[in-house]
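User: Can you walk me through this structure? I'd like to start with contacts.

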Amino acid sequence: MRVVRVLSAVLLTLGLAAAPAAADASPSPSQDGSSAPTRAGTSFRTAAEIEQGQLATASGSTGDYLYWSFPADTGQRPTVKATVKLPESHASQTWQIDVYDGLRRRQACQYGAQTRTAAADASSVELACVLRTVRAWSEPWANDPLPGTYYVRLTATGVATADLGLPVGSEVRVDSRDIGGSAAVDGSLAEPLVPGVATKPGEEREDAAVPAGLEPEDGWASGRWSDRWVWTAVGGILAALAGVGGYALTRGSGRPSRAPAT
């Protein structure tokens, strides 16, 4: 019975430890969009900075390249969504979003409609890209997502000549799902990937470029404690208790009373 009581207490502790992990799996809360940018950059250097959870808007012309940047940290799985509001009259158009990391390496989408073609009578087109989970560390030759600044590029491809320059509106939003310790690796970066550069609002001069100031609300977490350590410790405790319980169940009650004395 003692073994049963001990195991019950351990299972209760496991339930309490699992609660934070479950909370980590929920999408990050939306932030107030009042301070979200209402313009987009035209290059990596002038990309408009947005926080995760903000709804950024921008006006542009068909054929332009529109850029935004956002921070992504270890254990996050970012989802980039974009909506393009098309002019009343236009030919068929194909729109695409691409995501690049701080080293300007194009990151593959796990799933989502990264490219879509809008029919001639469509008023808008919606795009989405779900990235792979951001890792704390990776081999130099790999193309794994790492913590740092990420860039979103929105543009139309294969546009008819008559449609070039037509006004369009765009909305971009980035949210992340925290994967937690299941995505943890043995290693960490000393610093996030090239934070990138951004242009001060209202200034377009080349000499106005300054280091990007965006970072996660709680700071960069690369190399910090992970709930992976909790599950490792709990697994060791359970293994020890299982050994003690197995011994208690199989050792028997000692020397039988009917056995002759030696």
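Analyst: Contact here means heavy atoms within 4.5 Å. This is a predicted model, in which local features need pLDDT of at least 70 and side-chain atom pairs count only at pLDDT 80 or more, while totals for chains, interfaces and linings use all residues. Residues are numbered from 1 along each chain as its sequence is written, and side-chain values use heavy atoms, with hydrogens and water left out.

User: What does Thr79 touch, not counting residues up to four places away in sequence?

Analyst: Thr79 touches Cys129, Val130, Arg173, Val174 and Asp175. Thr79 sits in strand β4; strands (E, at least two residues) are DSSP runs, numbered from the N terminus.

User: Is Thr79 buried, exposed or partly exposed?

Analyst: Partly exposed, at a relative accessible area of 21%. Buried means under 20%, exposed over 50%, and partly exposed in between (1.4 Å probe, protein chains only).

User: And Cys129, what is its relative accessible area?

Analyst: Cys129 is at 0%, so it is buried. Cys129 also forms a disulfide with Cys109, the sulfur atoms being 1.9 Å apart; a disulfide is a pair of cysteine sulfur atoms within 2.5 Å.

User: Which parts does that pair tie together?

Analyst: Cys109 is in strand β7 (residues 109–111) and Cys129 in strand β9, so the link joins parts 20 residues apart in sequence. The link of Cys109 and Cys129 is left-handed, with -100 degrees about the S-S bond.

User: Switching topic: where is Gln114 found?

Analyst: Gln114 is in the loop between β7 and β8 (115–118). Gln114 counts as buried because its relative accessibility is 16%.

User: What does the Gln114 side chain reach at 2.9 Å?

Analyst: The backbone oxygen of Ile97. The Gln114 side chain also makes a polar contact with the side chain of Asp98, at 3.2 Å. A polar contact is a pair of N or O atoms within 3.5 Å; within protein, one must be able to donate a hydrogen and the other to accept it, and residues adjacent in sequence count only if both atoms are side-chain atoms.

User: Last one, the largest nonpolar core. Which members touch the most others?

Analyst: Trp68, Phe70, Val80, Trp95 and Leu154, out of 31 residues. A nonpolar core is a set of buried Ala, Val, Leu, Ile, Met, Phe, Trp, Tyr and Cys residues joined through side-chain atoms within 4.5 Å.

Technical notes:
Helix = DSSP H or I, 4+ residues; strand = E, 2+ residues; numbered from the N terminus.
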